[in-house]
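Here is a quick walk through one protein model, from the overall fold down to a handful of residues. Have the structure open as you read.

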Amino acid sequence: MAEINCTQVTEFSLMGFTEEPVAQVTLFLMFLLIYLFTILGNLGMIALIRASPQLHSPMYYFLGNLAFVDLCSSTGITPKMLVDFMSEKKGIAYVGCVAQVFIFDLFGMTECFLLAMMAYDRYMAICHPLVYPLVMSPKYCFQLVTGSYLMGLTNGMGQTICMSSLSFCGSRVIDLFFCDISPLISLSTSNTTLSRIILTTSASLFGLSSGLIVLVSYVAIVSAILNIRSAEGMRKAFSTCASHITTVSIFYGTSLFVYLKPSSDSSRDDKWAAVVYTVVTPMLNPLIYSLRNKEVKEALRRLTKP
């Protein structure tokens, strides 16, 4: 009966980080700079890859798509967070919350699979260099990237449908800076059994499978590198994976911290871990690949040479 007489929530309140005015201005400026670097870095990476013939290879094809995904995922979250820092009322309409859940889950899962495909690309390059050009053909790379987006789309639609089936008649306060499906399920006043099953199944099926591809690929890569006799050969082989390993470690490390740690732990830690993989990582990825990659630096040098 309570569910029948329920007045559906039309707006949610986002707790954010702090209510202190000075701290809010400081955080606004910090996240604004991060977002500007994210836009410039990822757009610059996409433009550089498209403009430089020497970067028209499978690894940089995946990297260009990763830059696009980072740009989209950050844009789905950061602008709203910046507005909230300067607003007294930190609210988001129900429709806007649904849109954020869709965008976050779409591009978040797409990034998981793109990172997995990049690990597979490095595995083929190091463990099977003779057949690498044949296997990693443009058509096959396109299929791998398309598959990554389809996995992300499936996850995004599943979580969005999951949210739209929930009723919110009680608390409307989300103790986070954006709409995520997990805290929304906790806020719901309807039966959340099916929603939790969908969330768990999606995380297990998609998240673990992409993580397993990364893990298996790098076990094979490390094994192959250890069999290289010359120290110089080992160094060169490892250098081709260093940027990707750094990106994977940051992305998966913070994601696992948030979604696998006990729910009784501090939510403040959750927020800052979420900041890393939703706001900071999209900025770091182009920096990691440009600062640690000789081919990218050489391509940039050629384009900027008078």
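Predicted model: local features only at pLDDT ≥ 70, side-chain atom pairs only at ≥ 80, totals over all residues.

Residues are numbered from 1 along each chain as its sequence is written, and side-chain values use heavy atoms, with hydrogens and water left out.

**Confidence**

Mean pLDDT (the predictor's confidence in each residue, from 0 to 100) is 83 for the protein, with 91% of its residues at 70 or more. Helix H2 (residues 58-75) comes out highest, at a mean of 93, while helix H9 (residues 231-260) is lowest at 73.

**Overall fold**

You're looking at 11 helices and 3 strands. Both are DSSP runs numbered from the N terminus: helices are H or I with at least four residues, strands are E with at least two. Going along the sequence, the order is β-α-α-α-β-α-α-α-β-α-α-α-α-α.

Contacts here mean heavy atoms within 4.5 Å. Among contacts with a separation of 6 or more, 78% come from residues 24 or more positions apart.

**Surface and charge**

Of the 306 residues, 45% count as buried; that means under 20% relative accessible area, with exposed over 50% and partly exposed in between (1.4 Å probe, protein chains only). The accessible surface is about 15500 Å², and carbon and sulfur atoms own 70% of that. Those areas come from the Shrake-Rupley method with a 1.4 Å probe, and for residues only the protein chains shown count as cover.

As for charge, there are 20 positive and 18 negative side chains, and the centres of the two sets sit 13 Å apart. Lys and Arg count as positive, Asp and Glu as negative, and His and the chain ends are not counted. Each charge is placed at NZ of Lys, CZ of Arg, CG of Asp or CD of Glu.

| Residue | Relative accessible area | Class |
|---|---|---|
| Asp70 | 0% | buried |
| Ile77 | 3% | buried |
| Gly16 | 9% | buried |
| Leu43 | 45% | partly exposed |

Start with Asp70, in helix H2. Leaving out residues up to four places away in sequence, Asp70 touches Asn42, Glu111, Pro282 and Asn285.

Ile77 belongs to the loop between H2 and helix H3 (78-85). What does Ile77 touch, not counting residues up to four places away in sequence? The list is Gln100, Phe104, Phe177, Phe178 and Thr278. With Phe104, 27 residues apart along the chain, the C-alpha separation is 7.8 Å.

Gly16 sits in the loop between strand E1 (11-14) and helix H1 (21-51). Its contacts, again not counting residues up to four places away, are Leu176, Phe177 and Lys271. Gly16 and Tyr61 are 45 residues apart along the chain, and their C-alpha atoms are separated by 36 Å.

Finally, Leu43 is in helix H1. From Leu43 to Leu153, it's 110 residues in sequence and 22 Å in space, C-alpha to C-alpha.
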